[in-house]
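I opened this notebook to keep track of what I looked up in one structure. The entries follow the order in which I went through it.

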Amino acid sequence: SSGINAEYGGAGGLIKSREFLTLRYWTKERDMFFIVNRDIDDPVKAPSKSYVRGCNGPCGYVFFPDLDGSVKLTYVVNCDLKLPFVPSKVINSNMVDVIHAFHVALRKRIDEHLESKRRKNTFNS
């Protein structure tokens, strides 16, 4: 898949938002579910003039059941935002906020999806 997943410009608009062209693979092995990604180059999908093309190295998610019945998530990030003049310490400290915001939004979307399914099942009963 490709496209703009979310816009995260920074420094009051001084840093442009990033776009990523990503190859995504999904698989299930035993009781674990994997989503793995890496960036790709595609001459048909040229970088947008509105965004800087970032690079994702191998990264992804592993979902697995815990003994208490919940599902645990491991998230591995490997990203180059193409910010050559910004110290990596600054980028890394801000990535914590970006990753946290992403997961808060993900949790909200999962909750909305589950609520929608619950309402649909209640309506059809």
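Entry 1: surface and overall make-up. Accessible areas here come from the Shrake-Rupley method with a 1.4 Å probe. With that in hand, I looked up the surface of the protein chain, and it exposes about 9600 Å². Carbon and sulfur atoms supply 59% of that area. I note that this is a predicted model, so every value in these entries is computed from a prediction.

I then looked up how much of the chain is buried. Of the 125 residues in the protein chain, 18% are buried. The secondary structure consists of 1 helix and 8 strands. Read along the sequence, the pattern is β-β-β-β-β-β-β-β-α. I also checked the contacts between residues at least 6 apart in sequence, and 43% of them join residues at least 24 apart.

Entry 2: strand pairing. I went to strand S2, which covers residues 18-29. Which way does S2 pair with S3? The two strands pair in the antiparallel sense over 8 bridges, with S3 covering residues 32-39. Thr-22 stands opposite Asp-39 in S3, and Leu-23 stands opposite Arg-38 in S3.

S2 and S3 form a hairpin with 2 residues between them. S3 also pairs with S6 (residues 59-65), in the antiparallel sense over 5 bridges. There, the bridge partner of Asn-37 is Cys-59 in S6. S2 has a pairing with S4 as well: 2 bridges join them, and these two strands run parallel.

Entry 3: the turn. I looked at Arg-30, which lies in the loop between S2 and S3. What is the phi of Arg-30? Phi is near 50°, a positive value in a residue other than glycine. For context, most residues other than glycine have a negative phi. Is Arg-30 buried or exposed? Arg-30 counts as exposed, because its relative accessibility is 73% and the cut-off for exposed is over 50%.

Entry 4: Arg-53. I picked Arg-53 next, which is placed in strand S4 (residues 52-53). Glu-19 stands opposite Arg-53 in S4. Is Arg-53 buried or exposed? Arg-53 counts as buried, because its relative accessibility is 18% and buried means under 20%.

I looked up what the side chain of Arg-53 reaches. The backbone oxygen of Lys-45 is reached at 3.3 Å. The backbone oxygen of Ala-46 lies 3.5 Å from a polar atom of the Arg-53 side chain. I then listed the contacts of Arg-53, leaving out residues up to four places away in sequence. Arg-53 touches Glu-19, Phe-20, Leu-21, Lys-45, Ala-46, Pro-47 and Lys-82.

Entry 5: aromatic rings. How many aromatic pairs does a search of the whole structure find? The search finds 4. One of them is Trp-26 with Phe-33, a tilted pair at 5.8 Å centre to centre with 55° between the planes. Trp-26 counts as exposed at 51% relative accessibility, whereas Phe-33 is partly exposed at 30%.

Another pair is Tyr-61 with Phe-63. Why is this pair called stacked? The ring centres are 6.1 Å apart and the planes are at 20°, and planes under 30 degrees apart count as stacked. Tyr-61 is buried, with a relative accessible area of 12%, whereas Phe-63 is partly exposed at 25%. I also noted that ring pairs link Trp-26, Phe-33, Tyr-61, Phe-63 and Tyr-75 into a cluster.

Entry 6: cysteines. A disulfide is a covalent bond between the sulfur atoms of two cysteines. How many disulfides does a search of the whole structure find? The search finds 0. I looked up the accessibility of two cysteines. Cys-55 counts as partly exposed at 23% relative accessibility. Cys-59, the bridge partner of Asn-37, counts as buried at 14%.

Terms used: Residues numbered from 1 in each chain as written. Predicted model: local features only at pLDDT ≥ 70, side-chain atom pairs only at ≥ 80, totals over all residues. Heavy atoms only, no water. Helix = DSSP H or I, 4+ residues; strand = E, 2+ residues; numbered from the N terminus. Buried < 20%, exposed > 50% of the residue type's maximum accessible area, 1.4 Å probe, protein only. Polar contact = N/O pair within 3.5 Å; in protein donor to acceptor, adjacent residues only side chain to side chain. Contact = heavy atoms within 4.5 Å. Pairing = 2+ DSSP bridges. Phe/Tyr/Trp six-rings, centres within 6.5 Å; stacked < 30°, edge-to-face > 60°. Disulfide = S-S within 2.5 Å.
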